[in-house]
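Hi everyone, thanks for making time.

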Amino acid sequence: MKNYKIAVLAGDGIGPEITREALKVLKVIESRNDVTFELNEALFGACAYFETGDAFPQETIDTCDAADAILKGPIGLSHEESKKIPVDKQPERGALLPMRRRYNTYANFRPVSLPKKLAHFSPLKPEIIGEGIDLIIVRELVGGLYFGNKETGVAEDGKRYVRETLEYDEDQIRNILEQAFKLASRRKKVLHNIHKSNVLKSSVLWNEILEEMAPDYPDVKVVNILVDAAATALCLNPTQFDVMVMENMFGDILSDQGGGILGSLGLMPSACIGNEKAYYEPSHGSAPDIAGKNMANPYSMIGSVAMMLENSFDMADEAKNVWDAMQNVFGEGYSTADLSKPGSDVNIISTVEFGDKVVEALKNKG
Ligand code: IPM
Ligand code: MG
């Protein structure tokens, strides 16, 4: 019998509701496999700040340090509410970035996937979706502008200024590119390299390293595309993409666009992988406007569980069952409110109902 410790950080806003559904799914997996999941809940984000004065308190750090994997809900407050917390203690700067740094989770995988039969969720025309969208964004997660030196001050002329640095060293670039090349060679053997080398020196170095590495992956075809052009291409022709690799900030922006072309950020789970530790989280925020209303889409959180099963616990078959169970629920015509469109005949169900239906479908698999 395997025993895995999971740190469960439900987070803010809709976090606790969607986490609850994800844990139901985990229970089903536990009930029929030779495995136990020890769930250790801990405060993380704004909720932790208000309780302890720290968005990533020591107790939570200890729980995460001891865990085999971390399941993390979305964090953050509305723009207005955020102002109640000092800038450096706000959940993003005070909890999320320190967690990414602490566990050096440099490789962020964000699948953007929509089968043909769910094309009606997308704002794109069915002919653009064709046989379906199935790409994965590989985002560098612990470098670049997010983690570079930051400075604000007042210049001699009395004007306020800010300076933020986009920093990478060659090992950081090589590590993320290696992940992307490997993934591409396991998938369709096409790697889209997203860059901005016509302006940014960081992209020039990035591309140089990519060129040095490419001969080690002779089966992978590299396609270079500027980040701005990639944004357009994601709308006009998303099916050309399979694996897309990019630095931190580009990945933040294009992955939200990924949610846009699917029809909802609620369809965006992710895995954040380091050499020693991995954590799993939806790519989206905490949606304070719909928190507590039982209407959030738990797909991204349940999908994050699927990614955890596969990456941290070597349970690829059960991971697939979880994905399939969610597709079954959609296939039966159900979805949460984020995916409804005026005039569509989608049957809107609540967060809890969605979770229950996934559990039901999952019990019929495996
Ligand atoms: C994401 C989020 C975070 C990021 C925020 C919450 C700091 O937008 O994971 O994409 O910018 O990385
Ligand atoms: Mg983001």
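Let me start with a question: is Glu80 buried or exposed? Glu80 is exposed, because its relative accessible area is 53%. For the cut-offs, buried means under 20% relative accessible area, exposed means over 50%, and partly exposed is in between, with a 1.4 Å probe and protein chains only.

Two bits of housekeeping. What you see is a predicted model, where local features need pLDDT of at least 70 and side-chain atom pairs count only at pLDDT 80 or more, while totals for chains, interfaces and linings use all residues. Residues are numbered from 1 along each chain as its sequence is written, chains are lettered from A and ligands numbered from 1 in the order in which they are written, and side-chain values use heavy atoms, with hydrogens and water left out.

Back to Glu80, then. Its side chain meets that of Lys83 in a salt bridge, at 3.0 Å from N to O. By salt bridge I mean a side-chain nitrogen of Lys or Arg within 4 Å of a carboxyl oxygen of Asp or Glu. Lys83 counts as exposed too, because its relative accessibility is 55%.

How many salt bridges does a search of the whole structure find? The number is 22. Let me pick out a couple more.

Take Lys116 and Glu131, where the closest N and O atoms are 3.2 Å apart. Lys116 sits in the loop between strand S4 (107-115) and helix H6 (126-129), and Glu131 in the loop between H6 and strand S5 (132-140), so this pair ties together parts that are 15 residues apart in sequence. When I say helix or strand, these are DSSP runs numbered from the N terminus: H or I with at least four residues for helices, E with at least two for strands. Lys116 is partly exposed at 47% relative accessible area, whereas Glu131 is exposed at 67%.

Then there's Asp171 with Arg174, another salt bridge, with its closest N and O atoms 3.3 Å apart. Both belong to helix H7 (residues 170-186), and because they are three residues apart there, about one helical turn separates them. Asp171 counts as partly exposed at 47% relative accessibility, and so does Arg174 at 25%.

Salt bridges also join up into a network, which links Lys72, Arg100, Arg110 and Glu281.

Now some distances to the ligand's oxygen atoms. A polar side-chain atom of Tyr146 lies 2.6 Å from one. For Arg100 the distance from a polar side-chain atom to a ligand oxygen is 2.7 Å, and for Arg139 an N or O atom of the side chain is 2.8 Å from one. As for cover, ligand 1 has 320 Å² of accessible area on its own, and the protein covers 78% of that; the areas come from the Shrake-Rupley method with a 1.4 Å probe.

Last topic: aromatic rings. The structure holds eleven aromatic pairs. One is Tyr168 with Trp206, edge-to-face, at 6.0 Å centre to centre and 70° between the planes. Rings of Phe, Tyr and Trp (its six-membered ring) pair if their centres lie within 6.5 Å, and planes under 30 degrees apart count as stacked, over 60 as edge-to-face and the rest as tilted. Tyr168 counts as buried at 14% relative accessibility, and Trp206 is buried at 3%.

With Tyr299 and Trp323, the ring centres are 6.2 Å apart and the planes are at 50°, so that pair is tilted. This one links distant parts of the chain, with Tyr299 in helix H11 (residues 299-313) and Trp323 in helix H12 (residues 316-331), 24 residues apart. Tyr299 is buried at 4%, while Trp323 is partly exposed at 22%. Both belong to one aromatic cluster, along with Phe121, Phe330 and Phe354.

Terms used. Polar contact = N/O pair within 3.5 Å; in protein donor to acceptor, adjacent residues only side chain to side chain.
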